[in-house]
Amino acid sequence: MLGLLLARAGVEVTVVEKHADFLRDFRGDTIHPSTLEVMYELGLLEGLLALPHTQAPRLNAEIGGADVTIADFSRLPTRCRFIAFMPQWDFLDYIARQAGRYPNFRMLLEAEVTSLAEEAGRVVGLKARTRDSELALRAALVVGADGRNSVVRAQAGLAVESFGSPSDVLWMKLSHQPADPPYTMGHGGPRQGFVMIDRGASWQCGYVVRRGSFADVKSQGIEAFRAAVAAVSPLPAERLEEVRSWDDVHLLSVRIDRLTRWWKPGLICIGDAAHAMSPIGGVGVNLAIQDAVAAANILARPLKDGTLVDRHLAAVQARRAFPTKATQRLQLMMRRDRRQREADGAKRTGPPAFMRAIARQPWLAHLAGRLIGLGFRPEHVRPL
């Protein structure tokens, strides 16, 4: 997205992509109203929504056997009052195609970053390895947008503040049948330990387990795992037979962290490389998009004019620090509530406090919809 926005503004851009394509499963497939608004502002919304997707005007949870709306997007001041569920590879491929229309944009596939190039304390480019050769690329700015395990971040030596690793999620794919619950994204089970995302022909399902316990789960055998998931899933127990072996189960380690400083001279990190989020609400992808928009708004002109200095990089962090910290604070509050419930045997089977509050006061679903759908500081594309 940042490559598209900078190329649109006339900046020479090279995107270095490690893989040959975008086909990775069990990624965040949520495109929130804030991102859809950005696509509208770019004139790309109609083409995006022409791709196969599912629309969710609200998110649901099963609490005490009842279906409760925990986030309602129907009152948002946006053109799209829904979350679009779309395979992330389709979204990324669409963005890449749109960026490719600009002659000053190029994307290098199967190019893995190996190190940064520095001169006089300033990052001036990077080195990357392809199948055939080693590349040395010089740049006025290197942007680390390579995720929570960012090579760019590690090579830059930027300090990370970690807030712990509360849990893991075991992802699996189950078929979608006509009689299934009418969720587009829902949580099931008395402890809210199961999430379902409607992907059309299938459900992307996540089962939450204690951090580092996957080996123990596997030691109990696949049958015990199926039974444990069936106990919290609203789907028929026999559906779990589709999980034939551990090859059908994919581990996601959840963590919450952020850089104390997102930049150094000649380099900046955005998205998960700057701040890893819990998957609660599926906000990580959309916070990354907001980072990209803010970065383009602040950096495009100095990059084009050759006047980029450190204060421009600091301005990006200053702009995005508040929504990052506020979102993580909410996620940490939810984690503390879960820990308290697990420490108190009398309460451990109840849903989280915020879900109980929404069930009692339905108007809170609209507030949750605003926080999830737009975030704390939505960004808008600056006109050319």
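**Reading the chain**

Tutor: Begin with a sheet: three strands form an open sheet in the order S11-S20-S19, with mixed pairing. Its edge strands are S11 (142-144) and S19 (263-264), each of which pairs on one side only. Strands, like helices, are DSSP runs numbered from the N terminus (E, at least two residues, for strands; H or I, at least four, for helices). Two strands pair if DSSP finds at least two bridges between them. The model is predicted, so local features need pLDDT of at least 70 and side-chain atom pairs count only at pLDDT 80 or more, while totals for chains, interfaces and linings use all residues. Residues are numbered from 1 along each chain as its sequence is written, and side-chain values use heavy atoms, with hydrogens and water left out.

Student: In which sense do S11 and S20 pair, and over how many bridges?

Tutor: S11 and S20 (residues 267-269) are parallel, with 3 bridges between them.

Student: How many helices and strands does the chain have?

Tutor: There are 11 helices and 21 strands. Of the 384 residues, 51% are buried, where buried means under 20% relative accessible area, exposed over 50%, and partly exposed in between (1.4 Å probe, protein chains only). The accessible surface is about 17900 Å², and carbon and sulfur atoms hold 52% of that surface. Areas are from the Shrake-Rupley method with a 1.4 Å probe; for residues, only the protein chains shown count as cover.

Student: What share of the contacts joins residues 24 or more positions apart?

Tutor: Among contacts with a separation of 6 or more, the share is 74%. A contact means heavy atoms within 4.5 Å.

Student: How do I describe two packed helices?

Tutor: By the angle between their axes and the distance between the axes. Here, the axes of H2 (residues 33-41) and H8 (residues 284-305) come within 9 Å and cross at roughly 40°. Axes are lines fitted to C-alpha atoms, for helices over the stretch in contact, and angles run from 0 to 180 degrees between N-to-C directions. Ser-34, Thr-35 and Val-38 in H2 meet Asn-286, Ile-289, Gln-290 and Val-293 in H8. The residues of this contact comprise 3 nonpolar, 4 polar and no charged. Ala, Val, Leu, Ile, Met, Phe, Trp, Tyr, Cys and Pro count as nonpolar, Asp, Glu, Lys and Arg as charged, and the others, Gly among them, as polar.

Student: Is His-32 buried or exposed?

Tutor: His-32 is buried, with a relative accessible area of 0%. His-32 sits in the loop between S2 (30-31) and H2. Leaving aside neighbours within four places in sequence, its contacts include Phe-82, Gly-281, Asn-286 and Gly-373. The C-alpha atoms of His-32 and Gly-281 are 9.8 Å apart, although 249 residues separate them along the chain.

Student: Where is Gln-328 placed?

Tutor: Gln-328 is in H9 (residues 310-343), and its relative accessible area of 0% makes it buried. Beyond neighbours within four places in sequence, Gln-328 is in contact with residues including Phe-163, Asp-257, Arg-258 and His-275.

Student: Is Asp-132 buried or exposed?

Tutor: Asp-132 is exposed, with a relative accessible area of 74%. Asp-132 lies in the loop between S9 (122-129) and S10 (134-138).

Student: Which residues of H11 are buried?

Tutor: In H11 (residues 364-373), the buried residues are Leu-364, Ala-365, His-366, Ala-368, Gly-369 and Gly-373. After H11 comes Gly-375, with a positive phi near 80°.
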